[in-house]
Amino acid sequence: MEDLTHNQVQDYYGQQLRTQDDLQTNACCTDDIPAEHKRILAQLESEVLEKYYGCGVAVPPLVEGCTVLDLGSGSGRDVYLLSKLVGQDGHVIGVDMTEEQLDVARRHIDTHTARFGYSRPNVEFRHGYIEDLHSAGLPDNSVDVVVSNCVLNLSTDKEATYREIFRVLKPGGELHIADVFSDRRVPEVLRQDPVLYGECLSGALYIDDFRRLLQQLGVDDYRLTASRRLTIGNPEIEAKVGNIGFYSLTVRAFKLALEDRCEDYGQVATYLGTIPGHPHAFVLDDHHRFETGRPMLVCGNTAEMVGLTRYGAHFRVFGNKEQHFGLFPCGPTAAAPAGTDAAAASCGC
């Protein structure tokens with residue numbers, strides 16, 4: 001079954017889809033692209049853009065000089081966007097299992113290298129499977145950031161995929177993805193539909209199963225940064241999926257030893273306003289907006305997210321974990337599908 005699904009996805013993205021116009025739903029469309037990203041995307045080759053099938057903004061800030069891994073890199077759109085953002089001294093690795101998409105991405109390496117003014121390429125595209133990143137030659141603790149845009153739902157083994165992600169991330173590294181999730185478990189009969197699967201719908205994880213999966217892997221706190229309900233836009237497919245709600249969610253998680261609840265240690269974090277492009281505020285998630293210079297009471301997990309990662313140089317965190325005051329009163333997340341426990345899980349409360 002796993003090999004069959006891989007083959008169906010490869011055929012869908014390698015043969016059946018030629019451009020975005022061939023998609024049968026609106027699941028693979030992107031809203032709210034930052035202005036800085038739009039300026040870079042305007043410099044990319046048209047073929048790279050036309051064969052892009054993402055569902056959100058999967059690129060976090062502060063990636064200059066980082067090694068970034070893009071899972072399911074496709075035509076290379078996000079890899080080339082990141083190429084500009086990481087700079088000449090950064091490195092971006094795209095992994096994809098579809099040779100036709102890799103061919104598109106690879107033939108534009110020299111063009112974008114010259115266009116960005118680099119003396120040498122800072123990107124590479126590797127054939128491999130996201131369920132087994134050894135297949136792409138990726139060692140343990142080797143990348144700073146893992147991104148993925150509407151691809152992880154296509155994985156035939158979600159547990160293996162997320163285990164591999166946290167294997168290759170360096171300690172303190174960040175997973176930042178935009179992907180499709182559902183508000184209930186998708187029936188097996190729909191999961192076997194090649195069009196629904198290829199359109200990033202029937203492979204979607206139920207959001208609470210996503211929470212459980214991360215916890216099984218030792219990732220006890222993740223954060224939601226953006227959400228939109230997919231309207232699908234195809235009456236025939238809408239009739240097939242019935243009452244299942246599908247959501248494009250942007251999620252971030254860190255390779256940190258965090259607690260499974262938000263605990264109060266009396267800690268305070270102050271954003272210094274020094275992250276490029278974010279002079280006035282930094283948004284960690286859907287209910288943590290750090291205004292520059294304004295101290296904010298934070299739970300222990302949030303203190304570590306902004307203090308023990310690459311964001312640490314841009315924050316002052318006061319306090320430690322020597323004295324405990326009980327649960328921290330984090331607010332509910334607005335990004336969770338109604339009727340799920342994701343509101344509690346995404347901030348540990």
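Let me begin with Lys 170, which counts as partly exposed because its relative accessibility is 30%. The model under discussion today is a predicted one.

Lys 170 has a partner: its side chain meets that of Asp 144 in a salt bridge, at 3.2 Å from N to O. Asp 144 belongs to strand 4 and Lys 170 to strand 5, so this pair ties together parts that are 26 residues apart in sequence. In general, side chains of opposite charge can pair when their charged atoms come close. The structure holds 22 salt bridges, and I shall take two others.

In one of these, Asp 140 and Arg 167 meet at 2.7 Å, N to O. Asp 140 lies in the loop between strand 3 and strand 4, while Arg 167 is in helix 7, so parts 27 residues apart in sequence are tied together. Is Arg 167 buried or exposed? Arg 167 counts as buried, because its relative accessibility is 14%, whereas Asp 140, at 47%, counts as partly exposed. Glu 164 joins Asp 140 and Arg 167 in a network of salt bridges.

The other is formed by Arg 120 and Asp 89, whose closest N and O atoms are 4.0 Å apart. Arg 120 sits in the loop between helix 6 (109-115) and strand 3 (123-127), and Asp 89 in the loop between helix 4 (77-86) and strand 2, so the pair ties together parts 31 residues apart in sequence. Asp 89 counts as exposed, at 68% relative accessibility; Arg 120, at 43%, counts as partly exposed.

Finally, the aromatic rings. There are 11 aromatic pairs. One of them is edge-to-face, formed by Phe 254 and Tyr 311, with 6.3 Å from centre to centre and 85 degrees between the planes. Phe 254 is in strand 8 (246-254) and Tyr 311 in the loop between helix 12 (300-307) and strand 13 (315-318), so that distant parts of the chain, 57 residues apart, are linked. Both Phe 254 and Tyr 311 are buried.

Conventions:
Residues are numbered from 1 along each chain as its sequence is written. This is a predicted model: local features need pLDDT of at least 70, side-chain atom pairs count only at pLDDT 80 or more; totals for chains, interfaces and linings use all residues. Side-chain values use heavy atoms; hydrogens and water are left out. Rings of Phe, Tyr and Trp (its six-membered ring) pair if their centres lie within 6.5 Å; planes under 30 degrees apart count as stacked, over 60 as edge-to-face and the rest as tilted. Helices (H or I, at least four residues) and strands (E, at least two) are DSSP runs, numbered from the N terminus. Buried means under 20% relative accessible area, exposed over 50%, partly exposed in between (1.4 Å probe, protein chains only).
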